[in-house]
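Biologist: I'm new to this one. Can you show me the structure before I start asking things?
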Amino acid sequence: MFKNLINGEWLDGASVSRNINPSDTRDLIGEYAQADAAQADLAIAAATAAFPAWSLSTPQQRFDILDAVGTEILARRAELGDLLAREEGKTLPEAIGEVARAGNIFKFFAGEALRPGGETMPSVRPGVGVEITREAVGVVGLITPWNFPIAIPAWKIAPALAWGNCVVFKPADLVPGSAWALAEILSRAGLPAGVFNLVMGRGSVVGEKLLNDPRVAAISFTGSVATGQKVAAAAVARMAKFQLEMGGKNPMIVLDDADLGIAVNAAVNSGFFSTGQRCTASSRLIVTDGIHDRFIAAMVEKMKTLKVDDARKAGTDIGPVVDASQLRQDTDYIGIAKADGGTLAHGGERIETNATGAPGFYLTPALITDTTAEMRINREEVFGPVVSVIRARDYEHALALSNDTPFGLAAGIATTSLKHATHFKRHSQAGMVMVNLPTAGVDYHVPFGGRKGSSYGPREQGRYAAEFYTTVKTAYTQA
């Protein structure tokens, strides 16, 4: 039984949840405490009490703690990666890479704790000086999704602590193992009681408490659009700060002049790796006439080589879908696309058991051609290994199609034309743009976020994270 961490103590929950391995549904990873509203209240109270002292802690104290956390995560990347792959279903190399990213994030923000910045300048009035500084916001509620169960918590927790905030962390119900492991490392890193609290539980219980409690000064949420809109409404109602990362329907344009090998590898990586369960995945491939047929043929040949199997097995390219509900959503969208006139060019087959006979949530990556921009498969986020192809006349048509979406997280283009690459970087309506690279795969030290329905509020990661986790103070002094 894995317990919640509240005010420096490990506490039983009001109930428990079972963490199941999607590669082998017979494998129980563990039972994890589920908090009720009263325990969520205890965590918020603990964070509130700890904030005055922690917000005035020295940069060196915060550096030492965050650096130690990063060091331990990196030293245990193989062990923690194995746990991550076991509970979420991404392949072991991807899982180890995610753990390393989490460790590097803590290391980065340890350094930021020593570089708080600030400005001094003269006033327009003689004899008056002006100081502009940043201060911690207060108690921050962090709500994270299941698809990156250690990296996304890391890029929210680390900056929150680096700038002197106290944290109440609610991870996704589906993947509590990685969150608990991270909390256990933090619990031994030297943080005062109450500065960091892990409260596992239902969103309708713990999440609701974080949204509506006036002691929670800010909410950072990553998840679905519908829930993000609910977070926004609740935060605005009580004037709390909020930050949202939500859905995506990310395009990748392939132009006639693209290097075919680069384009195919980028598309396969973007659309299918991590089982397509990435908000930055390219689920819409927009391919111009001159290369369309050759590109489709090359995609199918590449897809035939992808091995779908246990996430932790050597040689696996695509692990299982995270759970039965997500698998049903994936197959439903394949059916919708076919009913709307799309052609299932390859894949989309349910696999009941892996190579060793273990039952799991396996689906072969699906490529759907002959689609048009108005089809549901090109308007709604599937969040699985399901990729659609839209044929475009030329670059201008492809650009228009790529921007024809309510989302705007990531966008890519495969081209050897400097002219088109430069134009696309400026005119793509996305927060992150990749040229001849997969759309999924971003650095930890630079801003992350999108436009339109994908994101709201300040960017995450890098130095830009300060915009959310701090508030600006301007002070005047008469000499």
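Predicted model: local features only at pLDDT ≥ 70, side-chain atom pairs only at ≥ 80, totals over all residues.

Biologist: Helix α10, then. How far apart are its end C-alpha atoms?
Modeller: They are 24 Å apart. The helix has 16 residues, 289–304, and at 1.5 Å a residue these should span 22 Å, so the two values agree.

Biologist: Where is the kink in α10 centred?
Modeller: On phenylalanine 295, and the kink is about 25 degrees. Phe295 is also one of the buried residues of α10, along with Ile291, His292, Ile296, Met299, Val300 and Met303.

Biologist: And what covers those buried residues?
Modeller: The cover includes α9 and several strands, among them β13, β17 and β18.

Biologist: Stay with β18. How many of its residues are buried?
Modeller: Six of the seven, so β18 is largely enclosed by the rest of the structure.

Biologist: Which strands does β18 pair with?
Modeller: β13 pairs with β18 in the parallel sense over five bridges. β17 and β18 are also paired in the parallel sense, over four bridges. Serine 388 in β18 has arginine 284 opposite, and isoleucine 368 stands opposite serine 388 as well.

Biologist: New topic: glutamine 461. Buried or exposed?
Modeller: Buried: the relative accessible area of glutamine 461 is 0%, and the cut-off for buried is under 20%. Glutamine 461 sits in the loop between β23 and α14.

Biologist: What does glutamine 461 touch?
Modeller: Its contacts include Ile105, Phe109, Trp155, Tyr444 and Phe448. Arg101 is another residue touched, and the side chains of glutamine 461 and arginine 101 make a polar contact at 3.1 Å.

How values were computed. Residues numbered from 1 in each chain as written. Heavy atoms only, no water. Helix = DSSP H or I, 4+ residues; strand = E, 2+ residues; numbered from the N terminus. Expected span 1.5 Å × (residues − 1). Bend = angle between axes of the 7 residues up to and from the residue. Buried < 20%, exposed > 50% of the residue type's maximum accessible area, 1.4 Å probe, protein only. Contact = heavy atoms within 4.5 Å. Polar contact = N/O pair within 3.5 Å; in protein donor to acceptor, adjacent residues only side chain to side chain. Pairing = 2+ DSSP bridges. Lists of a residue's contacts leave out its neighbours within four places in sequence.
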